[in-house]
Amino acid sequence: MSAINGGISFWYATDGLPIPREPLPGDATADVVIVGGGYTGLWTAYYLKKAAPFLDIAVLESRFCGYGASGRNGGWLYNGIAGRDRYAKLHGQESAVRLQEAMNDTVGEVVRVSEEEGIDADIHRGGVLEVAYTPAQLGRLKAFHAAEGAFGEKERVLLGARETAERIRVAGAVGSTWTPHGARIHPVKLVKGLAEVVEALGVRVYESTPVTEISPGHAVTPYGTVRAPYVLRCTEGFTASLKGQRRAWLPMNSSMIATEPLGPEAWEAIGWAGRETLGDMAHAYMYAQRTADDRIALGGRGVPYRFGSRTDNDGRTQPATVEALREILVRFFPQLAGVRISHAWSGVLGVPRDWCASVTLDRTTGLGWAGGYVGSGVATANLAARTLRDLVRQDSGQAGPTGLTALPWVNHKVRMWEPEPFRWAGVRGMYAAYRSADRRELLRPRPATDPLATLADRIAGRH
């Protein structure tokens, strides 16, 4: 039996796709209108409504809540944030440490709210294990581990080959680093539960309502215009579909596969009893989790970018990408060479030109936005939402500045991406270089990072 390809994602396989809520019935007004019904939009609605129950809040979602990255990601609730090193250079180490500490706390915040609101999202706090299986990867791993310590992550531990195998037996692993600031989740159970909680609080959630244009005080849809003092854009990888935003955040493609459920013998061979989320130190890195029903869900970049900032068709994935992800699975766990892949899917994530996540509220227009998470959005969206809440409350006079509004990613400005075809050629070329560097590091083991990857980093503006 071939894998189910697309259908949004494997995460919808259990409950099926949701029945969409009603679209916007016509022109409307609100105190705050939120564009996008993913994690960022729903968390923002949640925290604003909890802090100020009198606010009239409307969420506009083009398909259904969780259609985008929030319903397709790898289920990594962890403390990584895109752009921290750059923020340290721009604002100082201490400021970036505060940002990292806020991210560390965010993992527990998502768990706390899920428990408090009765959202069963298959959360397991097993931490994050990132492995190295070449000399060059081990060098990067040790540097990464040291850097995390410099940003105040005191609980992180560096593990050798034997200690790594005691956790997860990844073929050829020569070391790893583990942090407790991470958890496995079921992405769709979280986004579905959050949408229900938000609606129960009195937030109006309109689905099948695409927003075509955002301007001060207005969110325009085919069904009518919502007018509000605050219009918050929470569209992440779909931002390019909005008028005037095509070059703002690049929709980077990421693809995943899920195996059939594995039996006790397979898990005995693999280990993974701690159900850590699993990653590596390759340039074209992978990410994986052991699901609640004992599958392995594993992802990587696949086709990284589609010309003109186009997005996929309901998650459908190219066969070559599915096979490439299977090869990674078997490279990590050779004993799974005969395992069946049950599902394959893709989604997009938002990438700013400088690879830095950010949160902004323009106090002259009431326009706000958050995103550009570069693949680390499951937890970062929660911190962004709480920051948007504080910015709106500060601007409206409901509250003063907070620790979150002083974080270095607030009101960060970044230039646009290059026009086509330079954007397409650059991104495709960058990932071709990363994959080539990974192959060379595997075939010709040396302690130094391959020069191709260093060049790609420099061209991309990642460092």
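Predicted model: local features only at pLDDT ≥ 70, side-chain atom pairs only at ≥ 80, totals over all residues.

Biologist: Which residues does a cis peptide bond join?

Modeller: The cis bond joins E420 and P421, with omega at about 5°, and P421 lies in the loop that runs between α9 (377-395) and α10 (422-443).

Biologist: What about phi, then, at I8?
Modeller: I8 is not a glycine, yet its phi is positive, at about 75°, and its place is in the loop between β1 (4-5) and β2 (28-29).

Biologist: Is I8 buried or exposed?
Modeller: I8 has a relative accessible area of 2%, and since buried means under 20%, I8 is therefore counted as buried.

Biologist: And what is the phi of E236?
Modeller: E236, also not a glycine, has a positive phi of about 45°; it sits in the loop between β14 (230-233) and β15 (250-259), and E236 counts as buried at 12% relative accessibility.

Biologist: Switching to helices, at what angle do α3 and α9 pack?
Modeller: Helix α3 (residues 93-116) packs against α9 at about 105°, with the two axes 9 Å apart, which means that α3 is roughly perpendicular to α9.

Biologist: Which residues meet there?
Modeller: From α3 come L99, A102, M103, T106, E109 and V110, and they meet A379, T380, N382, L383 and R386 of α9; by class, this contact has six nonpolar, three polar and two charged residues.

Terms used. Residues numbered from 1 in each chain as written. Heavy atoms only, no water. Helix = DSSP H or I, 4+ residues; strand = E, 2+ residues; numbered from the N terminus. Buried < 20%, exposed > 50% of the residue type's maximum accessible area, 1.4 Å probe, protein only. Axes fitted to C-alpha atoms, helices over the stretch in contact; angles between N-to-C directions. Parallel < 35°, antiparallel > 145°, perpendicular 65-115°, else oblique. Contact = heavy atoms within 4.5 Å. Nonpolar A, V, L, I, M, F, W, Y, C, P; charged D, E, K, R; others polar.
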